[in-house]
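Good morning, and thank you for the time.

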Amino acid sequence: MTTEIRRLWAGFIAVLALTVAAELFIDPRPHFDIERLFAFNALYGFLACAGLILVAKAIGLALKRRDDYYDE
């Protein structure tokens, strides 16, 4: 990997760590009991993103055409 990509990854991880750590210093007012879990928002966001990726891959497999689809 190039140094720019490593810096971006380090920045993303630092921002994630800071947002999770910020949860220690705020008073959350959850609407549901599951929201009381530490780092619930980070976990929920990660699982939602992973789910969207899996759904997109499944849709891609369902809509995929052969490589010679446009050939005569």
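**Overall form**

The protein contains 2 helices and 0 strands; helices (H or I, at least four residues) and strands (E, at least two) are DSSP runs, numbered from the N terminus. Please keep in mind that this is a predicted model, in which local features need pLDDT of at least 70 and side-chain atom pairs count only at pLDDT 80 or more, while totals for chains, interfaces and linings use all residues. Residues are numbered from 1 along each chain as its sequence is written, and side-chain values use heavy atoms, with hydrogens and water left out.

What is the radius of gyration of the protein? The value is 20 Å, whereas a compact globule of 72 residues would have one near 11 Å. The radius is taken over C-alpha atoms, and the globule rule is 2.2 Å times the number of residues to the power 0.38. Along the principal axes, the C-alpha trace spans about 65 × 40 × 10 Å.

Accessible areas come from the Shrake-Rupley method with a 1.4 Å probe, and for residues only the protein chains shown count as cover. Of the 72 residues, 6% are buried; buried means under 20% relative accessible area, exposed over 50%, and partly exposed in between.

**The nonpolar patch**

Met1, Ile5, Leu8, Trp9, Phe12 and Ile13 make a nonpolar surface patch of about 700 Å². Patches are made of residues with over 30% relative accessible area and no salt bridge, with nonpolar side chains (Val, Leu, Ile, Met, Phe, Trp, Tyr) joined within 5 Å and like charges within 9 Å. Met1 sits in the segment before α1 (3–22), and Met1 counts as exposed because its relative accessibility is 68%.

**Charges**

How many salt bridges does a search of the whole structure find? The search finds 2, a salt bridge being a side-chain nitrogen of Lys or Arg within 4 Å of a carboxyl oxygen of Asp or Glu. Side chains of opposite charge can pair when their charged atoms come close.

Asp33 and Arg36 meet in a salt bridge at 3.5 Å, N to O. Asp33 is exposed, since its relative accessibility is 60%, and Arg36 is exposed at 59%.

Arg66 forms a salt bridge with Asp68, with the closest N and O atoms 3.1 Å apart. Here Arg66 is exposed at 60%, whereas Asp68, at 39%, is partly exposed.

How values were computed: Buried means under 20% relative accessible area, exposed over 50%, partly exposed in between (1.4 Å probe, protein chains only).
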